[in-house]
Every structure is written in structure tokens, then in C-alpha cells.
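Subject: Structure handover

Hello,

I am passing a structure on to you. Please open it first, then read my notes below.

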Amino acid sequence: MTELTLISPAMGKPPQSEQGISTRISEGAWRPPGKPVVITATLIDLLREKFHLDWNGIHGVAHWARVRSNGLTLARRNGANPRVVEYFAFLHDVCRRNDGRDRSHGSRAAAFAEQIRDRHLVLDNGEFFVLVAAIDGHTHGKSHEDLTVQTCWDADRLDLGRVGIEPLPERLSTPEAKDPSVIAGACESARLWLRQYRDGGGSR
């Protein structure tokens with residue numbers, strides 16, 4: 001069994017909400033309890049090689065895991081496509097060149113998704129079109145007609161607590177994301193991670 005740690009060992013165990021996401025890779029695949037494999041160990045290895053910033057930083061794997069958790073929470077309520085949500089979570093920031101205003105990182109990540117589709121992404125043509133729209137537009141999009149795209153963007157925006165910003169309901173697209181309990185839960189998880197990150201420091 002191979003272990004994937006979302007937070008560096010110096011930070012202690014991950015926040016409770018992140019423990020709901022399986023952090024273990026067993027028999028070569030990322031396996032959330034009771035769910036089919038979407039994010040494989042091979043894909044994780046590829047993303048770690050591609051990602052040039054702090055693996056445990058504000059746009060790194062812990063952020064991706066929380067976006068995944070947020071997105072799946074919303075998808076269970078609103079019927080968004082969970083596979084697209086999972087792939088979005090782990091791809092949307094992988095091509096960032098800095099932690100600031102890298103306005104082209106979404107389009108670069110969308111192009112990267114095209115490059116790895118055949119070997120690593122199990123989506124039909126319609127699903128892949130939605131994924132690309134979500135990744136490409138998440139840096140500048142304000143609204144979208146597709147529910148799954150909306151859900152992806154909301155999942156990302158719900159994690160603003162990691163940089164000390166509370167998500168504003170008017171900046172979220174779906175009714176489920178605007179639920180005060182959903183916002184509070186996402187903020188709690190993000191802020192707990194932030195405290196641990198500050199205490200322990202980041203590392204690749």
C-alpha cells in the first residue's frame with residue numbers, strides 16, 4: 001500500500017473534513033470508501049511532476065482535496081456530474097506558475113487535460129467538454145449555464161477560507177453552495193488547514 005499525505009508530516013493529521021477523503025492509495029489507485037476510482041495513483045504522480053509550486057501550499061494537493069470534497073458534497077445535493085467534479089478538483093490549478101494572479105493558468109490546465117485525456121481521464125465526449133469548460137473558465141468566469149461547471153466553480157470558491165477570505169453567497173452560483181451551513185463547513189476546514197500550514201510550514 002502506498003500512502004499519499006495531503007499535509008506535510010510536520011503539520012500533524014489533516015483536518016477532520018479532509019479525513020473523509022481517502023488519503024490512502026491502495027493497489028495503485030486513489031480509493032474513496034465505497035466509490036469507484038477516479039483519481040488514480042498514476043494520475044497523482046503525473047500531477048505532482050507537473051505542479052511546480054508548493055505541493056502542500058495554498059494551490060496544492062490539500063486545496064485540490066478540499067475542492068473535491070466541497071464539489072462532491074454539492075453534487076450529492078444538486079445532481080452535478082461527480083466524475084467531472086473530481087477531475088476538475090485535481091486539474092484546475094496544476095499548471096499555475098505562481099500563487100498570485102496567474103490569469104492564464106486555467107487555459108493552460110485545460111490544454112493539459114487535453115494532452116492526458118486518453119491515458120488518464122475516463123470521461124465521454126460530453127463530460128470532457130464540460131470539464132474543459134470548467135477548468136478553462138474558473139479563473140475568469142462569473143456564471144455558466146451548465147450545472148456541473150457551476151458546481152466546480154463553487155467548490156473552488158468555497159475554499160477561499162485558506163487565504164483568509166469568507167466566500168460571499170452572491171459570488172456563488174448554486175443554491176446548495178449558498179447554504180450558510182455549507183459555507184461554514186468549508187470555511188472551517190480551510191481555516192484549520194491554514195493554521196496547520198502556518199504552524200508547520202509548507203514543503204514539496
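Predicted model: local features only at pLDDT ≥ 70, side-chain atom pairs only at ≥ 80, totals over all residues.

Start with the pocket. The largest pocket holds about 1000 Å³ of space. Its lining is made up of 29 residues. Arg101, His138, Thr139, Arg157 and Leu160 lie nearest the centre. Helix 7, residues 147-157, gives the most to this lining, with three residues. By type, the lining residues split into 13 charged, eight polar and eight nonpolar.

Now the salt bridges. Side chains of opposite charge can pair when their charged atoms come close. The count here is seven salt bridges.

Asp102 and Arg108 meet at 2.4 Å, N to O. Asp102 is buried, and Arg108 is too. Asp93 and Arg96 also form a salt bridge, with their closest N and O atoms 3.6 Å apart. Both Asp93 and Arg96 are buried.

Another pair is Glu166 with Arg191, at 3.7 Å from N to O. This pair links distant parts of the chain, 25 residues apart. Glu166 sits in the loop between helix 7 and helix 8, while Arg191 belongs to helix 9, residues 180-200. Arg191 has 35%, so it counts as partly exposed.

Last, a network of salt bridges links Arg66, Asp159 and Arg162.

Best wishes

How values were computed. Residues numbered from 1 in each chain as written. Heavy atoms only, no water. 1 Å grid on protein atoms, 1.4 Å probe; cavity = no way out; pocket = protein on both sides within 12 Å on 5 of 7 lines; lining within 4 Å. Points joined across faces, edges and corners; volume = space filled by probe spheres on them. Helix = DSSP H or I, 4+ residues; strand = E, 2+ residues; numbered from the N terminus. Nonpolar A, V, L, I, M, F, W, Y, C, P; charged D, E, K, R; others polar. Salt bridge = Lys/Arg side-chain N within 4 Å of Asp/Glu carboxyl O. Buried < 20%, exposed > 50% of the residue type's maximum accessible area, 1.4 Å probe, protein only.
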